[in-house]
Amino acid sequence: MSKRIVVLSTEIANKIAAGEVVERPASIVKELLENSIDAGATDIRVELEKGGCQSIKVIDNGSGIEHEDVPLVFERHATSKIYKFDDIFNVLSFGFRGEAMPSIASVACVELLTRRKNDISGTKAILEAGAIKEVAPAGSPEGTQISVTKIFANVPARRKFLKTEATEQGACLDVVTRLALAHPEIRFKVSANGKEVFTAPEVSDISKRISMIMGDDFSAHCIFVDMQKDNVSLTGFISRPEFTKSNSKSIYLYVNKRFIRDNSVTHAVLSAYRQIIEPRRYPAAVLFLDMPPENVDVNVHPAKLEVRFKNAHGVYELVSKTISQNLAGAETSKGNFIYRLASKDKDKFSYSSLTIREKSPTIPFGMFSRQNLQQAINDDFLKRPVAQKSISTVESDDVRAKETISFTGMKYVGQFANTYLIFENDENLVLIDQHAAHERIILEKLKKTSGEKVVCQSLLIPEIINLTSAQITLFSDYIDFLREIGLEIEIFGRDTIAVKAVPATLAQVKISEMISDIADQLSDQNRMPSLQEKREKILASLACRAAIKANRVLSNEEIAALCRELEATPFNLTCPHGRPITINFSLSEIERMFKRK
Ligand SMILES: Nc1ncnc2c1ncn2[C@@H]1O[C@H](COP(=O)(O)OP(=O)(O)OP(=O)(O)O)[C@@H](O)[C@H]1O
Ligand SMILES: [Mg+2]
């Protein structure tokens with residue numbers, strides 16, 4: 001029997017509609033701030049309690065709202081920003097749908113206090129579950145203050161989806177950061193539980209704001225881009241190839257000052273870097289696309305995070321070409337960065353063969369790095385007697401751990417593409433990805449030390465690193481975990497940490513890069529459901545950073561040390577990202593390929 005059709009009550013319909021706009025406290029912060037900016041505010045304060053889960057207050061010095069209009073603020077489809085449909089193709093304000101305030105009011109309690117500049121008295125309004133409880137004249141400073149409390153109290157299902165207070169606060173601060181990056185003329189201040197956590201004073205130059213928010217390291221390693229084609233302009237800052245991040249979250253894209261997510265433009269950015277930064281590393285960028293509003297449709301997504309370009313292909317080309325050209329002109333700074341396109345013939349390695357013997361169980365579990373390679377060589381690994389111990393002594397109940405790699409009887413043939421090590425025996429040809437192998441070795445070492453007695457290297461002078469307030473909040477939750485792996489940090493104020501000790505395993509990694517990778521992983525909320533998974537991601541990104549890079553010539557001693565360590569490492573068939581470390585071609589496979597069989 002088919003069910004009967006009923007018209008939903010306004011209350012239910014509003015709650016459903018609110019779901020599209022108000023997903024979490026950060027969405028409320030976004031809508032309130034956008035309204036303040038649309039109202040011409042130059043000074044905006046945000047006050048969060050319990051990460052925005054308990055209450056959010058936004059105070060601005062914008063235009064204020066006329067007394068008679070106040071009830072309309074909470075009426076669906078009531079807006080002062082457009083008057084006819086076609087206006088949405090000319091709109092430069094953030095809002096135009098007239099939906100944000102009624103949506104917020106339907107899932108929380110809202111108190112509004114507002115006064116226009118020349119009005120003697122202001123207006124106060126109180127709403128509960130979308131219904132107006134009170135609208136009355138009231139004293140008010142110039143501008144608008146909106147307090148939102150009992151967030152999702154009447155939508156318990158949504159409340160359950162909220163993450164920890166620190167994560168929600170981080171998401172709120174991300175929203176402020178994105179808006180602050182594009183609006184240097186506005187002063188932003190955020191306090192959390194009464195403590196100031198973010199301040200961006202008004203500045204005349206956008207580069208000052210960007211440098212303040214993206215950090216000194218980015219400013220020191222960025223290139224200014226500025227290009228016009230037809231009626232589209234692209235300006236902003238992109239990171240030099242030596243400055244990379246472990247995810248793409250530091251690519252900020254704006255269209256007519258509106259922060260957007262756009263796979264195609266992001267792809268254009270990444271494709272320009274593809275050949276010059278390591279795989280699975282990402283650039284940082286703040287890019288502003290400006291074009292006549294009629295060339296971009298912002299009415300695609302209720303939260304207006306997605307847009308549609310009239311000439312998407314032209315935008316892609318402009319972004320990818322501008323970045324490629326600027327990168328081509330940028331000199332890479334000295335240091336450990338290697339262009340992937342660097343000539344392979346340079347420092348040609350002589351491929352003298354060497355035979356790798358089975359590991360000796362007494363060899364200390366040293367690190368494979370330039371610094372302790374000498375140690376490995378001194379150990380004279382190659383001259384050690386062949387140990388009879390079986391490789392499958394790895395202590396783990398995971399069956400995969402037992403399928404481990406052994407170099408017994410293998411002969412080293414050479415290095416291919418400065419990235420893959422070639423080995424052979426009578427029956428097989430084996431390729432080993434040097435970076436993947438080393439990544440796995442380091443990861444297992446970090447995992448092994450985590451929770452046990454950690455070998456760490458104390459720094460004589462603590463290294464001071466600047467982070468954004470959102471990142472600091474996230475770090476504060478992970479101090480103990482970081483100490484477990486040998487990374488000792490202390491938080492100073494709202495945007496600084498001091499690194500006092502680093503894990504000995506990672507002694508060669510630049511501290512600022514280590515911290516930046518951890519910050520990236522901590523702020524990547526969407527793809528990491530459990531704490532355990534998050535910890536593993538952090539360790540994996542540190543291992544990736546510390547591992548020997550692809551496209552690097554290795555000496556025989558280095559190769560020997562790598563193989564020795566790899567044999568002693570569990571799960572040594574795949575890298576932490578699940579890619580294979582070795583690829584095996586059996587003789588019969590090769591013969592089949594040559595059609596001999
Ligand atoms: N801080 C503020 N200062 C001045 N006016 C405001 C403020 N916040 C809201 N308003 C007024 O309330 C109206 C409704 O706000 P609301 O956010 O619901 O809609 P909108 O901004 O017009 O569109 P959208 O739903 O796309 O955000 C706005 O059009 C604006 O006139
Ligand atoms: Mg709005």
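Contact here means that heavy atoms lie within 4.5 Å of each other. The structure is a predicted model, in which local features need pLDDT of at least 70 and side-chain atom pairs count only at pLDDT 80 or more, while totals for chains, interfaces and linings use all residues. Residues are numbered from 1 along each chain as its sequence is written, chains are lettered from A and ligands numbered from 1 in the order in which they are written, and side-chain values use heavy atoms, with hydrogens and water left out.

Leaving aside its neighbours within four places in sequence, V197 is in contact with Q169, L173, V190, S191, A192, S469 and R494. The residue belongs to strand β8 (residues 195-200); helices (H or I, at least four residues) and strands (E, at least two) are DSSP runs, numbered from the N terminus. V197 counts as buried because its relative accessible area is 11%, where buried means under 20% relative accessible area, exposed over 50%, and partly exposed in between (1.4 Å probe, protein chains only). The C-alpha atoms of V197 and A470 are 8.2 Å apart in space, although 273 residues separate the two in sequence.

The chain as a whole can now be described. It contains 18 helices and 23 strands, and buried residues make up 50% of its 597 residues. Among the contacts with a separation of 6 or more, 71% come from residues 24 or more positions apart. The chain exposes about 28,800 Å², of which carbon and sulfur atoms supply 52%; accessible areas come from the Shrake-Rupley method with a 1.4 Å probe, and for residues only the protein chains shown count as cover.

The ligand site comes next. Ligand 1 is surrounded by 23 residues, the closest being T79, S80, K81, E99 and K304; a residue is counted as near a molecule or strand if one of its heavy atoms lies within 4 Å of it. By class, this shell has 8 nonpolar, 9 polar and 6 charged residues. In this classification Ala, Val, Leu, Ile, Met, Phe, Trp, Tyr, Cys and Pro count as nonpolar, Asp, Glu, Lys and Arg as charged, and the others, Gly among them, as polar. Helices α2 (25-38) and α4 (100-107) each supply at least two residues of the shell.

Several polar contacts involve the ligand. A polar contact is a pair of N or O atoms within 3.5 Å; within protein, one must be able to donate a hydrogen and the other to accept it, and residues adjacent in sequence count only if both atoms are side-chain atoms. An oxygen atom of ligand 1 lies 2.8 Å from a backbone N or O atom of R97, and a polar backbone atom of E99 is 2.7 Å from an oxygen atom of the ligand. The side chain of K304 places an N or O atom 2.8 Å from a ligand oxygen. Taken alone, ligand 1 exposes 590 Å², and the protein buries 93% of that.

D433 lies in strand β19 (residues 428-433) and is buried, since its relative accessible area is 10%. Not counting residues up to four places away in sequence, D433 touches T419, Y420, R579, P580 and I581. At the start of α13, a side-chain oxygen of D433 reaches to within 3.0 Å of the backbone nitrogen of H435, and a polar atom of the D433 side chain lies 3.1 Å from the backbone nitrogen of A436. Of the 16 residues of α13, 14 are buried. The expected span of a helix is 1.5 Å times one less than its number of residues; the 16 residues of α13 (residues 434-449) should therefore span 22 Å, which agrees with the 23 Å between its end C-alpha atoms.

Helix α16 (residues 531-546) contains S541, which counts as buried because its relative accessibility is 6%. The side chain of S541 reaches the backbone oxygen of I538 at 3.1 Å. Beyond its neighbours within four places in sequence, S541 is in contact with S246, D517 and Q521.

Finally, backbone torsions deserve attention. N418, in the loop between β17 (410-416) and β18 (420-424), has a phi near 50°, a positive value in a residue other than glycine. K595, in the segment after α18 (587-593), has a positive phi of about 60° although it is not a glycine. N418 counts as buried because its relative accessibility is 8%, whereas K595 counts as exposed because its relative accessibility is 73%.
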